[in-house]
Amino acid sequence: MCYVHHFPLSHFCFVMRIDISCFLILSFINSVKLIDDECYMTVPEIGKQYGYESEVHLVRTKDDYILELHRFPCRMNEKCDKFSKRPIVFMQHGLLADGFSWIPNLANQSTGFVFADSGFDVWIANSRGTPASQKHVGYGPENKKFWNFTWQQMSEFDLTSSIDYVLKETKQEFVYYLGHSQGTMIMFSRLAEDKDFSKKIRHFHALAPVATVSHIGGLFGLFGKQFLTYAEILLGRLPYSPLSIPRTVQKMISYMCSKFLMQNICTLDIGFIDGNEKMFNQSRVGVYLCHTPAATSVKDLQHWIQLVKSQKVAKFDYGKDGNMAEYGQPTPPVYDLTQIDTPTYLYWSRDDILADTQDIRDSILSKMKKTIAGSIELPHYSHMDFVFGIKAAFDLYPGIIKTIKDDFNRYQITRRLRKVS
Ligand SMILES: *[C@@H]1O[C@H](CO)[C@@H](O)[C@H](O)[C@H]1NC(C)=O
Ligand SMILES: *[C@@H]1O[C@H](CO)[C@@H](O)[C@H](O)[C@H]1NC(C)=O
Ligand SMILES: *[C@@H]1O[C@H](CO)[C@@H](O)[C@H](O)[C@H]1NC(C)=O
């Protein structure tokens, strides 16, 4: 969810006002090609490198953001009929991440590629504010208005427009949804509010699911409520700004973390916030850090802090008067998860300190009892291991693939029977 792991370093660069020297060092590193090529590649480009056909689709949301969807329609080194009936899997990344979350490792270890090779039509989302989706019809990311959003709008606008687009493009009736972290939150909130939308989601597979975040650990847990109050005040001073690390600084960090001696320090640093990553490919930590953290809005993080403090799954809190104006009530509306009727599979781990087991039990399992189709515990997964971990291709994805394929086959058989009768 939230990994500001190299904050101290980038902060150092700012504080010492050595951004220029950072830049010079970086130019040197670039010129002798010490940074992994994948650092500069987009999701479709990385796909191409491994032999996957890829497509870029532009989606216009109802509030006029332009989002990029990335598609891997075929298996590795294969041409395929893009309209053949296959299950669609729609992959939605988490907070401060982007579509790269699904392809961080080698082809047979990365979610996106593993699903493509299993015969799925893979669609990868990039939420508003991420590098691939920093476009708007009326204004660009240099305008403050651009950054006036949280996951609430990703849920209300990005998700709905993107899924409608995919269904129209593929002439299918539904998708199978795979979300990680914030990517589960935006689906929980959408399903709770929108029955028509629910029909388009055949299954919801939730990796490291988060709804309430009352028992969150890591940096939040360590510094407690006081830290949150400070963070809130600090963020409140930067309303409508992007939350991102300058590219030059990010590449420097990436370079340092790709060096053998630094790798452990870099992952330890991530673990401080996130639990202890044991399943990263250490020699690729530099590549991970080139793409993550991806940009989002300051307001999104503010919203998350509100959730930790209120212990509720609610819309953005504008204060009493602001809420009256925005929602017509003094407090922000709370999402009612008991309204959800989409079959939902949860994948969680005791070692994940962000998607806490107690929160999952209290806010998801207890409210969605009737519609939880599976609740699967993974051994020793930290929050990012669900997507970055190289073991997930052995003990996580095969189960999901089998569940979806069985369901899709059943669906096709009943459809054929219905046509016959
Ligand atoms: C941001 O969005 C809120 C809620 O829709 C709105 O009330 C406010 O005026 C917007 N602010 C800016 C600067 O666009
Ligand atoms: C880690 O990634 C490198 C390429 O960046 C690859 O050569 C190596 O085989 C990977 N290691 C594992 C254990 O997958
Ligand atoms: C990926 O391929 C390598 C080399 O062929 C193999 O050793 C490894 O077990 C494979 N991983 C998975 C998850 O199948």
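Helix H12, covering residues 298-310, has 13 residues and reaches 18 Å from its first C-alpha to its last, which is close to the 18 Å expected at 1.5 Å a residue, the expected span being 1.5 Å times one less than the number of residues. Helices (H or I, at least four residues) and strands (E, at least two) are DSSP runs, numbered from the N terminus. This is a predicted model, in which local features need pLDDT of at least 70 and side-chain atom pairs count only at pLDDT 80 or more, while totals for chains, interfaces and linings use all residues. Residues are numbered from 1 along each chain as its sequence is written, and chains are lettered from A and ligands numbered from 1 in the order in which they are written.

The buried residues of H12 are Val298, Lys299, Asp300, His303, Trp304 and Leu307; a residue is called buried if 20 or more other C-beta atoms, placed from the backbone, lie within 10 Å of its own, exposed if 12 or fewer do, and partly exposed in between. An α-helix has 3.6 residues a turn, so residues three or four places apart point the same way. Just after H12, Gln311 takes a positive phi of about 60 degrees.

The interior can be described through its nonpolar cores, each a set of buried Ala, Val, Leu, Ile, Met, Phe, Trp, Tyr and Cys residues joined through C-beta atoms within 7 Å. The largest nonpolar core has 95 residues, of which Val89, Phe90, Met91, Val122, Val175, Leu337 and Tyr347 touch the most other members. If neighbours within four places in sequence are left aside, Phe90 is in contact (C-beta atoms, placed from the backbone, within 7 Å) with Trp123, Ala125, Ile163, Val166, Val175, Tyr177 and Leu178. A second, separate core of five residues includes Trp147, Phe149, Leu243 and Val298.

Where does UniProt place the feature "active site"? The unreviewed entry puts this feature at Ser181, Asp352 and His383; the positions are given in the numbering used here, feature names are shortened, and annotations may be inferred rather than shown by experiment. These residues span 203 residues in sequence, yet no two of their C-alpha atoms are more than 10.9 Å apart, so they gather at one spot. Asp352 is found in the loop between strand E10 (344-348) and helix H14 (357-365), and is buried, with 29 other C-beta atoms within 10 Å. His383 has its place in the loop between E11 and H15 and, with 30 C-beta neighbours inside 10 Å, also counts as buried.

The loop between strand E11 (372-377) and helix H15 (385-388) holds His380 too, a residue that has a positive phi of about 55 degrees although it is not a glycine and that counts as partly exposed, with 15 C-beta neighbours inside 10 Å.

Turning to the ligands, ligand 1 is surrounded by Lys144, Lys145, Asn148, Tyr240 and Glu326, where a residue is near a molecule if its C-beta atom, placed from the backbone, lies within 6 Å of it. This shell divides into one nonpolar, one polar and three charged residues; Ala, Val, Leu, Ile, Met, Phe, Trp, Tyr, Cys and Pro count as nonpolar, Asp, Glu, Lys and Arg as charged, and the others, Gly among them, as polar. Around ligand 2 lie Leu106, Asn281, Ser283, Arg284 and Ile390, two of them nonpolar, two polar and one charged.

Conventions
Two residues are in contact if their C-beta atoms, placed from the backbone, lie within 7 Å.
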